[in-house]
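User: I'd like to go through the labels on this model one by one and hear what backs each of them. Can you walk me through it?

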Amino acid sequence: MSKDDLEIFIDKKKAASSEFAENFEEGYLNFKIGVILRQARENMGVTQADVAEKLNTTKSVISRMENHAEDIKLSTLTKYAQALGKKVKLEIQ
């Protein structure tokens with residue numbers, strides 16, 4: 001599989017700046033966590049309001065979790081997963 005222009009640009013920026021590389025990876029991980037949460041919720045046919053009710057919070061809090069997952073606690077991820085009847089699986093590579 002060949003890389004697209006964006007991937008090539010990101011690779012060049014990472015090679016040129018270790019700070020960019022570190023910040024990019026952290027930001028991408030946060031983005032990915034939010035996407036995983038949203039996809040799991042949508043796959044279950046559950047709304048943000050439904051999850052919020054189960055977690056005794058508001059829809060806007062759930063939206064922020066899905067769109068800005070930086071510094072999210074593992075306990076919060078676990079509660080979110082439980083609200084969907086799921087479990088969190090953590091892997092270190």
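User: Why is Asn 56 called exposed?

Analyst: This is a predicted model, in which local features need pLDDT of at least 70, side-chain atom pairs count only at pLDDT 80 or more, and totals for chains, interfaces and linings use all residues. Residues are numbered from 1 along each chain as its sequence is written, and side-chain values use heavy atoms, with hydrogens and water left out. Now to Asn 56: its relative accessible area is 73%. Buried means under 20%, exposed over 50% and partly exposed in between (1.4 Å probe, protein chains only), so Asn 56 at 73% goes down as exposed.

User: Where does Asn 56 lie, and what is its phi?

Analyst: Asn 56 lies in the loop between α3 and α4; helices (H or I, at least four residues) and strands (E, at least two) are DSSP runs, numbered from the N terminus. Phi of Asn 56 is near 55 degrees, a positive value in a residue other than glycine. Most residues other than glycine have a negative phi.

User: What makes Arg 41 buried rather than exposed?

Analyst: Its relative accessibility is 8%. That is under the 20% limit, so Arg 41 counts as buried. Arg 41 lies in helix α2 and, leaving aside neighbours within four places in sequence, is in contact (heavy atoms within 4.5 Å) with Val 46, Thr 47, Gln 48, Val 51, Glu 66, Tyr 80 and Leu 84.

User: Gln 48 is on that list. Is Gln 48 buried or exposed, and how do you know?

Analyst: Gln 48 has 13% relative accessibility, so it counts as buried. Gln 48 is found in helix α3, residues 48-54. Not counting residues up to four places away in sequence, Gln 48 touches Arg 41, Lys 59, Ile 62, Ser 63 and Glu 66.

User: How do you know that Gln 48 makes a polar contact with Lys 59?

Analyst: The two side chains come to 3.3 Å. A polar contact is a pair of N or O atoms within 3.5 Å; within protein, one must be able to donate a hydrogen and the other to accept it, and residues adjacent in sequence count only if both atoms are side-chain atoms. The Gln 48 and Lys 59 pair, at 3.3 Å, therefore qualifies. Another polar contact joins the side chains of Ser 60 and Thr 58, at 3.0 Å.

User: Why is Ser 60 called partly exposed?

Analyst: Ser 60, in helix α4, has a relative accessible area of 39%.

User: What makes the twelve residues of the largest nonpolar core a core?

Analyst: A nonpolar core is a set of buried Ala, Val, Leu, Ile, Met, Phe, Trp, Tyr and Cys residues joined through side-chain atoms within 4.5 Å. The twelve here are Ile 33, Leu 37, Val 46, Val 51, Ala 52, Ile 62, Met 65, Ala 69, Leu 77, Tyr 80, Ala 83 and Leu 84. The elements that give two or more residues are α2, α3, α4 (59-67) and α5, and α5 gives the most, with three. In soluble globular proteins, nonpolar side chains tend to be buried together.

User: Which residues does Ala 83 contact?

Analyst: Leaving aside neighbours within four places in sequence, Ala 83 is in contact with Val 51, Lys 54 and Leu 55.

User: How many nonpolar, polar and charged residues are in the lining of the largest pocket?

Analyst: The lining divides into 15 nonpolar, one polar and seven charged residues. Ala, Val, Leu, Ile, Met, Phe, Trp, Tyr, Cys and Pro count as nonpolar, Asp, Glu, Lys and Arg as charged, and the others, Gly among them, as polar. Helix α2 gives the most to this lining, with eight residues.
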